[in-house]
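Q: Please take a close look at one part of this model. How do its strands pair, and what packs around them?

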Amino acid sequence: MRLMERWRPLAQDGLLAAVLAVLLSVVVSVTPDGGVLDLVAVLAGSLVLVARQPAPLVALLVSTVCMLVVAVHIQPGPTAAFPVLAAVFAAVSARHRLAAALAGTAFLSAGLVADLIGDDGAVRSLQDTSLLVGWFVAAGVAATVARHRQAYLEEAERRAAEAERTREEAAGRRAGEERLRIARELHDSLTHSISIIKVQAGVAVHVARKRGEDVPPALLAIQDASGDAMRELRATLEVLRDSDHPDGEALASGLDRLDDLVERARSTGLAATVTISGTRRDLPAETDRAAYRIVQEALTNVSRHAGGAGAAVRIDYADGELVVRIDDDGEADPDAPPVPGTGLLGMRERVAALGGRLRAEPRPEGGFTVRAELPLGGPA
């Protein structure tokens, strides 16, 4: 499309030059005094109009000189002025008004003198010259109007682009303000509570060890989970406060922390196993985080809803995708599938954002399965 827009003016000028060359060649051929020199001058004065937009002064000079030769020699009448009119229009459009005025004055003066010296009457010569003066003035006015209209359209486009940019900046500013508001709400509502849980768990562990008592595994799990939750919450708050800052993303959990996640689940009494197949490799950040969150949510659901069931986590690094599967041997019934909660909805949203597929449903042999297929191309 841009190539067509670039070549369209040149094609239009080429068509105009060809039409004028043919028309004036016919005029020269039917004029008794017309010769080879006149034909060459007509062709040169017409065909130079192809360059009237990239080189308006060159087109104006060549067309004026060539058509003056024709006008003085064979006196074809007003038709000899056609190429000069087109060149004057282009020159005025390019803001060369003085050059256009001088060329028009020279052409009209020379043509008038040649007509007065020739056999034609003075009255007809003055009439033709008056007609040409009107044409030249009209060409200059039309070029000025066209230039102003083009400037208006360019200004309108510039203002539209500026308005669009301003809207985008305003939308980005509002989004930033909303992120900051969410960050403040999360900080005020969660950080304080999690900090208290972590401190209380740490105090309880310290007191138990001071008394020489065995520390309950659940209490250690609470202490570890609260510390991990604080770390992830801080990373999330950093991302919300500055979405362009990479450090918060780097602190987010991925499959490199899978062992810690499974170990924490085991400390709560969940019999969890991990199987990794395929060649481990670096994953896109979004895919890495989504896989971790899917395993985290699935293990949490097993602990909450499947009682003392065991869970098997499988990570398969396949060609072009990462397959994450979590199976448990709980009491889920295929005939009574559970109502999806916020956790499952969050899984589906993460997988859909990456262009992957998710299956979360009871297994025919009992228990529940979650299977996510995540493409390794990053976000869709």
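A: Strand E1 (residues 272–278) and strand E2 run parallel and are joined by seven bridges. Helices (H or I, at least four residues) and strands (E, at least two) are DSSP runs, numbered from the N terminus, and two strands are said to pair if DSSP finds at least two bridges between them. This is a predicted model, in which local features need pLDDT of at least 70 and side-chain atom pairs count only at pLDDT 80 or more, whereas totals for chains, interfaces and linings use all residues. Residues are numbered from 1 along each chain as its sequence is written, and side-chain values use heavy atoms, with hydrogens and water left out.

Asp316, for example, has Val323 in E3 as its bridge partner, and Arg314 has Arg325 in E3. E2 and E3 form a hairpin with two residues between the strands, and there Gly320 takes a positive phi near 85°. E3 in turn pairs with E5, in the antiparallel sense, over eight bridges.

A residue is buried under 20% relative accessible area, exposed over 50%, and partly exposed in between (1.4 Å probe, protein chains only). E2 is largely enclosed by the rest of the structure, because six of its eight residues are buried. E3 is likewise mostly covered, with six of its eight residues buried. In a regular strand, the side chains alternate between the two faces of the sheet.

Much of this burial can be described through a nonpolar core, a set of buried Ala, Val, Leu, Ile, Met, Phe, Trp, Tyr and Cys residues joined through side-chain atoms within 4.5 Å. The largest such core has 33 residues, and those with the most contacts inside it are Val295, Leu299, Ile315, Leu322 and Val324. Two or more residues each come from helix H9 (258–267), helix H10 (285–305), strand E2 (311–318), strand E3 (321–328), helix H11 (342–353), strand E4 (357–362) and strand E5 (368–375). H10 gives the most to this core, with eight residues. Val324 illustrates the packing: not counting residues up to four places away in sequence, it touches Ala291, Ile294, Val295, Arg314, Ile315, Val370, Arg371 and Ala372, where contact means heavy atoms within 4.5 Å. Apart from this core lies another, of 31 residues, among them Ala41, Cys66, Val88 and Ala100.

H11 has 12 residues and reaches 16 Å from its first C-alpha to its last, close to the 16 Å expected at 1.5 Å a residue; the expected span of a helix is 1.5 Å times one less than its number of residues. Its residues Gly343, Leu344, Met347 and Val351 are buried. They lie on the same side of H11, because they cover an arc of only 95° around the axis, the arc being that of the directions from the helix axis to the C-beta atoms. The buried residues of H11 pack against H10, E4 and E5. The face turned away from the buried side carries the exposed residues Thr342, Glu349 and Ala352. H11 is followed by Gly355, whose phi is positive, near 75°.

Ala360 has its place in strand E4 and is buried, with a relative accessible area of 15%. Leaving aside neighbours within four places in sequence, Ala360 is in contact with Leu344, Arg348, Phe368, Thr369 and Val370. The C-alpha atoms of Ala360 and Ala298 are separated by 9.6 Å, although these residues are 62 residues apart along the chain.

Glu373 lies in strand E5 and counts as buried, at 14% relative accessibility. The side chain of Glu373 makes a polar contact with the side chain of Arg371 (3.1 Å). A polar contact is a pair of N or O atoms within 3.5 Å; within protein, one must be able to donate a hydrogen and the other to accept it, and residues adjacent in sequence count only if both atoms are side-chain atoms. Not counting residues up to four places away in sequence, Glu373 touches Glu321, Leu322, Val323, Val351, Gly356 and Arg357.
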